[in-house]
Amino acid sequence: MATVNLCQNDLSLESMRTSFQNDGFIVFHNVIDPTLVTTLQSRLDEVLRGQYNRNSPPDKAPILQKKNTQKNHVDNGSIVSPLARSDGDGSNYNSQVLQIINIHKCDHDFRQLATSPEIGRMVAELAGWKHGARLAQDQVWAKPPGAPSLVFHRDFPYFMFSPSDVITVWVALDNMDEELGPLEYVRGSHKWGDGRVGSASSFFHDANKRLLYSAARLEGIECPESTLDIVSMAGLKAGGISIHNGKLWHGSGKNMSKDRPRRGMGLHFIPGEAKFTTKARVSKLWRSHVPDDVKDEDIALIELSEEDFPLVHSANDTHDMDGTLDT
């Protein structure tokens with residue numbers, strides 16, 4: 001049985017592409033099979049405890065308080081999730097947003113999702129990429145109860161590749177009720193200039209729209225506090241996805257729930273033919289992939305490894321003649 005199904009949207013591929021180009025994002029419901037969603041939720045807990053089932057660790061994982069990561073920590077006979085509120089006084093052992101970078105390197109089930117050909121194909125179709133879609137990075141953002149807001153930002157400034165296009169697929173691993181602080185998009189903001197590039201020095205702040213409003217004013221938008229079209233992903237169920245342009249401004253609010261985590265995964269894709277730029281050498285995200293003995297003028301010749309940067313959809317994959325996706 002297929003674990004990823006992107007063929008439930010009634011719109012034609014051309015209509016979806018037009019919507020994506022105009023708005024900067026598009027939403028698909030019920031994409032990930034519920035059984036896989038449950039497995040991913042469970043595997044995320046295990047990864048947070050340092051339990052990996054592939055050969056490598058993730059590139060980044062949080063250091064949690066020992067009390068809430070021990071395998072034998074139980075509540076009413078059940079193992080408590082590192083993301084659960086597990087005490088009795090309304091506080092939480094781990095109330096900060098937890099980030100894992102490249103969980104696909106350490107877990108088979110997350111790798112299966114991150115390298116889904118169906119998702120890669122849709123990304124390439126929406127973006128108009130002629131050479132397919134390559135996974136550059138994945139990120140899990142997990143908000144325990146009480147975790148703070150995520151500052152509005154853009155994704156593309158963090159990716160040192162040429163071509164510079166970035167498309168992000170965001171996967172909901174929980175039902176995105178309003179109180180959990182769902183992802184929010186600023187419709188059409190991918191068309192703004194780079195007066196504010198969109199990178200943030202601090203990702204978590206109560207005033208999470210300050211940088212956004214500054215960027216909007218530089219675009220000549222008056223009173224952005226009341227005029228921007230901000231679209232919440234509230235109502236998206238676990239297993240649904242949204243796909244957004246890397247230049248689209250987005251962020252999320254605080255997890256106001258007292259007992260529910262908010263878990264999501266971002267898959268960042270680049271064009272299949274992309275290569276590193278010289279900026280990769282000085283970036284903490286990418287410099288480990290640039291050998292010291294490679295000259296700047298030769299960085300673009302570095303081949304991206306299939307293990308770290310898998311090509312999930314290639315130009316050789318076939319399409320239906322009527323413009324819809326194969327299943």
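User: Which hand does the crossing of H1 and H4 have?

Analyst: The crossing of H1 and H4 is right-handed. Keep in mind that this is a predicted model.

User: At what angle do H1 and H4 pack, and how far apart are their axes?

Analyst: The general idea: packed helices are described by the angle between their axes and the distance between the axes. Here, H1 covers residues 13–23 and H4 covers residues 117–127. They pack at about 70 degrees, with axes 9 Å apart. Angles from 65 to 115 degrees count as roughly perpendicular. H1 and H4 are therefore roughly perpendicular to each other.

User: Which residues of H1 and H4 meet?

Analyst: An α-helix has 3.6 residues a turn, so residues three or four places apart point the same way. From H1 come Leu13, Met16, Arg17 and Phe20. From H4 come Met122, Glu125 and Leu126. By class, this contact has five nonpolar residues, two charged ones and no polar ones.

User: Now strands. How many residues of S5 are buried?

Analyst: Strand S5 spans residues 133–143, and eleven of its eleven residues are buried.

User: In which sense does S5 pair with S4, S13 and S15?

Analyst: In general, strands of a sheet pair through backbone hydrogen bonds, either parallel or antiparallel. Take S13 (residues 262–271): S5 pairs with it in the antiparallel sense over ten bridges. Gln139 stands opposite Gly266 in S13. Strand S4 (residues 98–101) also pairs with S5 in the antiparallel sense, over four bridges. There, Ile100 stands opposite Val140 in S5. With S15 (residues 311–313), S5 makes two bridges, again antiparallel. Ala133 stands opposite His313 in S15.

User: What is the strand order in the open sheet of four strands?

Analyst: The order is S6-S12-S9-S10, and the pairing is antiparallel. S6 and S10 are the edge strands, each pairing on one side only. Direction ignored, neighbouring strands of this sheet are turned by 25 degrees against each other on average.

User: How many bridges join S9 and S10?

Analyst: Three, in the antiparallel sense. For a residue pair to look up, Tyr185 has Val231 in S10 as its bridge partner.

User: Back to helices. Which residues of H5 are buried, and what covers them?

Analyst: H5 runs over residues 210–218, and its buried residues are Leu212, Tyr213, Ser214, Ala215 and Ala216. Their cover includes strands S6 (150–153), S9 (183–186) and S10 (230–232), along with helix H6 (224–227).

User: Which residue just after H5 takes a positive phi?

Analyst: Gly220, with a phi of about 85 degrees.

Methods
Residues are numbered from 1 along each chain as its sequence is written. This is a predicted model: local features need pLDDT of at least 70, side-chain atom pairs count only at pLDDT 80 or more; totals for chains, interfaces and linings use all residues. Side-chain values use heavy atoms; hydrogens and water are left out. Axes are lines fitted to C-alpha atoms, for helices over the stretch in contact, and angles run from 0 to 180 degrees between N-to-C directions. Angles under 35 degrees count as roughly parallel, over 145 as roughly antiparallel, 65 to 115 as roughly perpendicular and the rest as oblique. A crossing is left-handed if the near helix is turned anticlockwise from the far one by less than a right angle, and right-handed if clockwise. Contact means heavy atoms within 4.5 Å. Ala, Val, Leu, Ile, Met, Phe, Trp, Tyr, Cys and Pro count as nonpolar, Asp, Glu, Lys and Arg as charged, and the others, Gly among them, as polar. Buried means under 20% relative accessible area, exposed over 50%, partly exposed in between (1.4 Å probe, protein chains only). Two strands pair if DSSP finds at least two bridges between them.
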